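Subject: The structure you were waiting for

Hi there,

Here is the structure I promised to pass on. Have a look at it first, and then read on for my notes.

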Amino acid sequence: MKKFQGLSLSILFLSLISTAALAMPSTVILIRHAEKTKDKENIHLSAKGYERAAALPSFFKKHSAAPLIRLVAQGQKHSESSLRPIETLIPSSKEFKTEINHQFVKDEAKEMVSHLVSSTALNKK
């Protein structure tokens, strides 16, 4: 668990089967944000990153057995923090008509996991 707590929270896709009999996630897919620019000060995706983000909805439609119903991205800790995790999910958010939860910031991975596995988070769309 020590290693997990130190990881930077990038992006979490949580796909659930929406049946009353199953209250736990069927699939959890962790991905890192799409490509960044070479400018280390730039908090946005590169052109290639935006292209990859735009391709994610088609990828998940083709390769996911369960519907995608949760999108979680690392939020901004301050105005200079990266927006790449959120920008990576915007096309998926639009396609799947699902809001992006970005309440958790860097170093809050443990809190995010606790929230997602709670019965409240699992039962709300």
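Let me start with a lysine: K36 sits in the loop that runs between β2 (27-31) and α2 (47-63). Please keep in mind that this is a predicted model. K36 counts as partly exposed, because its relative accessibility is 48%. This lysine also belongs to a surface patch of positive charge, where it gathers with R32, K40, K77 and K106.

R32, another member of that patch, is found in the loop between β2 and α2 as well. With a relative accessible area of 53%, R32 is exposed, because the cut-off for that class is over 50%.

**The overall layout**

Stepping back, the chain contains 5 helices and 4 strands. Their order along the sequence is α-β-β-α-β-α-β-α-α. Of the 125 residues in the chain, 38% are buried.

**The core**

Which residues make up the largest nonpolar core? There are 9 of them: L56, F60, L68, L71, A73, I86, L89, F96 and I100. At least two residues of this core come from each of α2, β3 (68-73) and α3 (84-96). As background, nonpolar side chains tend to be buried together in soluble globular proteins.

**Salt bridges**

How many salt bridges does a search of the whole structure find? The count is 2.

One of them joins the side chains of R52 and E35, with 2.7 Å from N to O. R52 belongs to helix α2 while E35 lies in the loop between β2 and α2, so this pair ties together parts that are 17 residues apart in sequence. Both partners are partly exposed: R52 has a relative accessible area of 45%, and E35 has one of 27%.

K61 and E95 form a salt bridge too, and their closest N and O atoms are 2.3 Å apart. Here K61 is in helix α2 and E95 in helix α3, so the pair ties together parts that are 34 residues apart in sequence. E95 is partly exposed, with a relative accessible area of 37%.

**Two backbone angles to look at**

Most residues other than glycine have a negative phi.

K97 is not a glycine, but its phi is positive, near 50°. You will find K97 in the loop between α3 and β4 (100-101). Is K97 buried or exposed? K97 is exposed, because its relative accessible area of 73% is over the 50% cut-off.

D107 is not a glycine either, and its phi is positive at about 75°. This aspartate lies in the loop between β4 and α4 (109-117). With a relative accessibility of 46%, D107 counts as partly exposed.

**If you only have a minute**

Begin at the positive patch, which includes R32 and K36. Then turn to the core, where L56 and F60 are among the residues. Finish with the salt bridge between K61 and E95.

Happy browsing, and do write back with any questions!

Best wishes

Key:
Residues are numbered from 1 along each chain as its sequence is written. This is a predicted model: local features need pLDDT of at least 70, side-chain atom pairs count only at pLDDT 80 or more; totals for chains, interfaces and linings use all residues. Side-chain values use heavy atoms; hydrogens and water are left out. Patches are made of residues with over 30% relative accessible area and no salt bridge: like charges are joined within 9 Å, nonpolar side chains (Val, Leu, Ile, Met, Phe, Trp, Tyr) within 5 Å. Accessible areas come from the Shrake-Rupley method with a 1.4 Å probe; for residues, only the protein chains shown count as cover. A salt bridge is a side-chain nitrogen of Lys or Arg within 4 Å of a carboxyl oxygen of Asp or Glu. Lys and Arg count as positive and Asp and Glu as negative; His and the chain ends are not counted. The place of a charge is taken as NZ of Lys, CZ of Arg, CG of Asp or CD of Glu. Buried means under 20% relative accessible area, exposed over 50%, partly exposed in between (1.4 Å probe, protein chains only). A nonpolar core is a set of buried Ala, Val, Leu, Ile, Met, Phe, Trp, Tyr and Cys residues joined through side-chain atoms within 4.5 Å.
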